[in-house]
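Trainee: I've got this one open on my screen. Can we go through it together?

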Amino acid sequence: MEIALLGGTGEIGEALALRLGRDADYPLTIGSRDEQKAAEAAETYRSRLRERGVEPQIEAAENVDAAADADVVVLSIPPYYAEETVDAIAPVLGDDAILVSPAVGMQGDEDGLHYHPPSGGSVIEMIDETAPDEVPVVGAFTNLSGRRLADLDVEIDTDTLLIADDEDAKETVATIADSIRGLRPLDVGPLANATEVEALTPLLINIAKYNDDMENVCVTFH
């Protein structure tokens, strides 16, 4: 199973590339609107993993080319680029492709970050409306700290919440998430529950902002 990390040069893309590159054997492609930027990031990730005795399968490509060869496409991009990115890659997505979104709409002020979904609902529902009808969409990796996840010296013990209308696609993404040591996927139902999941992210960031000993906080459910 091949995984493309579009926007893979950003914080969550870097984190997933490093954790999956270390803990799993999926071929990964780092995507970007700038292919050279993707290539530089991929080489950095390979170098960091080689220092730990791992020879990862990490390549690089422009976003559309990365998506064309992937079974699972992770949209690790800011939410305001989501619609145009999905529009761009839609013609090349395979019949069995799955889209995954960790994106959350937020706005900040002096008090902190606040949930700011698009007018049509959640970011994941917006992506689902934009994606081809035959391509399932899964929300995952939404409430994770990319900075914490990218630090391979940190042993994580946290959960990621999964939402999707397609149960088979959800199970595929759960398998990918479960391959990361210390990460537990939890089913939170269909896309209709997306706002509850996405709204957790600004809450966690605000907890970190106001509590010095809780930088890069994540959530584990008991």
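Trainee: How much space lies in the largest pocket?

Mentor: Keep in mind that we're looking at a predicted model. Its largest pocket has 35 residues in the lining, and Gly10, Glu11, Ile12, Ser76 and Ile77 are the ones nearest the centre. The space in that pocket comes to about 830 Å³.

Trainee: Which helix gives the most to the lining of the largest pocket?

Mentor: Start with the helices that supply at least two lining residues each: α1 (11–23), α6 (146–150) and α9 (200–210). The one that gives the most puts in four residues, and that's α9.

Trainee: And by class, how many residues in that lining are charged?

Mentor: Sort the lining by class and you get 16 nonpolar and 13 polar residues. That leaves the charged class, which has six.

Trainee: Over to helix α5: why do its buried residues line one face?

Mentor: The buried residues in α5 (residues 123–130) are Val123, Ile124, Met126, Ile127 and Thr130. Look down the axis of α5 and they line one face, because they all fall within an arc of 160 degrees.

Trainee: Which elements do those buried residues of α5 pack against?

Mentor: Both strands and helices turn up here. The strands are β4 (72–75), β5 (98–101), β8 (137–139) and β9 (158–164), and the helices are α4 (82–89) and α8 (194–198).

Technical notes. Residues numbered from 1 in each chain as written. Predicted model: local features only at pLDDT ≥ 70, side-chain atom pairs only at ≥ 80, totals over all residues. Heavy atoms only, no water. 1 Å grid on protein atoms, 1.4 Å probe; cavity = no way out; pocket = protein on both sides within 12 Å on 5 of 7 lines; lining within 4 Å. Points joined across faces, edges and corners; volume = space filled by probe spheres on them. Nonpolar A, V, L, I, M, F, W, Y, C, P; charged D, E, K, R; others polar. Buried < 20%, exposed > 50% of the residue type's maximum accessible area, 1.4 Å probe, protein only. Arc of directions from axis to C-beta. Contact = heavy atoms within 4.5 Å.
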